[in-house]
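Student: Hi! I have just opened this one and could use a guided tour. Where shall we begin?

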Amino acid sequence: MTGQTYETALARIEEIIRRLDSGEAGLRETLDLVKEGRDLVDYCARELEAVDKGLEELRLEELVARLETGARDEAG
Amino acid sequence: MDDVVPTSAEGIEGSSYPGPYPVGAYAAQLKRRLQEFARVQLVGEVWGFRPSRVRVYFELRDARGAIPCSMWRNEFEALGTPLTDGMRVVVGGGCDYYPGSAASSPSFSFGVTELRAAGEGDLLVQLERLRRRLHAEGVFEPQKRLARPPLPRTIGVVTGERGKARDDVRAGLHRRGWGGRLVWAFAPVQDRHAAPRISAALRELAAIQEVEVVIVARGGGSLADLFAFCDESLCRTVALLRVPVVSSVGHHTDRTLIDDVAAVSCSTPTHAAEAAVPVDCRRARAELTARAKRLHDHGRRAVLSRARTLAQLSRAPAEHVARHRRRLHQLLRELRASARRDTEKGRSLASVHLLVLGRKASVARIERDRGALLVPAVGTSLARSASGATGRRSRDLERLRLALAAHDPARTLERGYALVEGRDSEPLGSAGAARAAGRVSIRFHDGRVPAKVADEPS
């Protein structure tokens, strides 16, 4: 999934659904497309979940301090 | 206030001023007095140009002061000189005063009757010169080439700590249904220290790996107020950032240089927030659920419909066999029924035959019995008939024998006749035949005598 973004994943899902809607896909292709589509939906859902945790507001200096603490903890 | 008559209202006790006069009368006299001011030409920069239905309004400013101006809209449009903030103009006209009324506010303005452009305003000239230079250098390009994440998890915002822009950014993100991490980098947004601080804030935000996009937001103001966002150094900083910048500085009529450099420029901070999160998260969640359902349905249908077809196909032979079995059963039933019918019929026919046979048997028995009685009688009669017939036939035969004997040559020979025969015992019935034969045999009743035909002289 290198270089994949929410938008490219969504575009591929649309493409898959169009292909499935056309009714031209055979059984094997249908099952493969459905699996690919499900994986992409999972990916998109994860992306959406990541920005669904409630707005967290930080000042730049707070974030910097937090990152520095984290870096120290890791180092220590 | 020579010609204005005071009202009957009681004045302020102890005041040395005349009156009280009706305010409308005073306003009208003020208007007349102001109009008596000498009509002159003024030079300055246009700010806050604002057209209304019948008039256009703007301020004429320079470093020492300003004066509100107005002009009939039709006269202004006839000039064909569009005005922009900061533009340097010369106006001709004089003081005017709109006295207002019970329902409208009064206003003072310099009534412009003549106007000409006097070259671009200093600020605008500087700005345009810088814009052209930066554009020529390609400073506006790098940000446009940066990929903007559709769903950034961390967004940096550079804005004034107490400005309304801060709330507008929040509102925009809320409208998108976005609930990620927002990092505020507050900076002054309008004095001469603003540009370096804004640049520093941008660099710091971009240095944090998690920050995927930065919003620079500031509310409306005059071009002078917004001039910090036209700083060359700030513009170059933005152009070099690794993260895309979404800008919203001033109102939609303003265009600062950071708007040109940024990846995206928006008319309001709310729009900037929305542009920073291209995906409407709330709608995307609903749409994703719908798409997931469609995929699921397709997968299920694909298998189910084929399974149904397979089931039908697999049932077909069984049904075929069952159909034939039913048909066979039916035929068997029909055969049995038919056989039963035939048996019944046969049975009844047989009984008829049996009856007939019985009858015939009994008749035969009777006939036999009667025959037994008849046979001796018949035998006798037959014997009798037979002996009669035999006697008759014997007599006939005797008669025939006698008749034949009468014609037998032997009998003739016995009577003394002889028979001449040839070599092959064939009777020779003429002298010629005997001569021809030469040697003959004369047959008597008691035997043959060979003889030779003597040649007779002729």
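Tutor: Let's begin with one pair of residues: B:Y57 has B:S70 in β3(B) as its bridge partner. Keep in mind that this is a predicted model, where local features need pLDDT of at least 70, side-chain atom pairs count only at pLDDT 80 or more, and totals for chains, interfaces and linings use all residues. Residues are numbered from 1 along each chain as its sequence is written, chains are lettered from A and ligands numbered from 1 in the order in which they are written, and side-chain values use heavy atoms, with hydrogens and water left out.

Student: OK! How many bridges join β2 and β3 of chain B, then?

Tutor: There are 8, and the two strands, residues 55-62 and residues 65-72, run antiparallel. Strands here are DSSP runs (E, at least two residues), and helices are DSSP runs too (H or I, at least four residues), numbered from the N terminus. Two strands pair if DSSP finds at least two bridges between them. Another partner pair is B:F58 with B:C69 in β3(B).

Student: And how many residues sit between β2(B) and β3(B)?

Tutor: 2 residues, and the two strands form a hairpin. β1(B) and β2(B) form a hairpin as well, with 3 residues between them. β1(B) covers residues 40-51 and pairs with β2(B) in the antiparallel sense over 5 bridges. There, B:W47 has B:E59 in β2(B) as its bridge partner.

Student: What about β3(B) and β5(B), parallel or antiparallel?

Tutor: Parallel, over 2 bridges, with β5(B) spanning residues 107-117. B:S70, the residue we started from, stands opposite B:G111 in β5(B).

Student: Which sense does β4(B) take with β5(B)?

Tutor: Antiparallel, over 10 bridges, and β4(B) is residues 88-98. For instance, B:G93 stands opposite B:V112 in β5(B).

Student: So what do these strands of chain B make together?

Tutor: A closed barrel of 5 strands, in the order β1-β2-β3-β5-β4, with mixed pairing. Neighbouring strands of this sheet are turned by 55° against each other on average, direction ignored.

Student: Which helix lies across β4 and β5 of chain B?

Tutor: That is α1 of chain B, residues 23-35, running at about 145° to β4(B). Axes are lines fitted to C-alpha atoms, for helices over the stretch in contact, and angles run from 0 to 180 degrees between N-to-C directions.

Student: Switching topic: how many residues of chain A are in contact with chain B?

Tutor: 38 residues of chain A are in contact with 37 of chain B, where contact means heavy atoms within 4.5 Å. The buried area is about 3,400 Å², and carbon and sulfur atoms give 64% of it. That is the accessible area (1.4 Å probe) that two parts lose on being put together, summed over both.

Student: How many salt bridges are there between the chains?

Tutor: 7 between chain A and chain B, counting a side-chain nitrogen of Lys or Arg within 4 Å of a carboxyl oxygen of Asp or Glu. One salt bridge joins the side chains of A:R59 and B:E161, at 2.1 Å from N to O. On the side of chain A that touches chain B, α1 (6-22), α2 (27-50), β1 (52-59) and α3 (60-75) each give two or more residues. The largest share, 12 residues, comes from α2(A).
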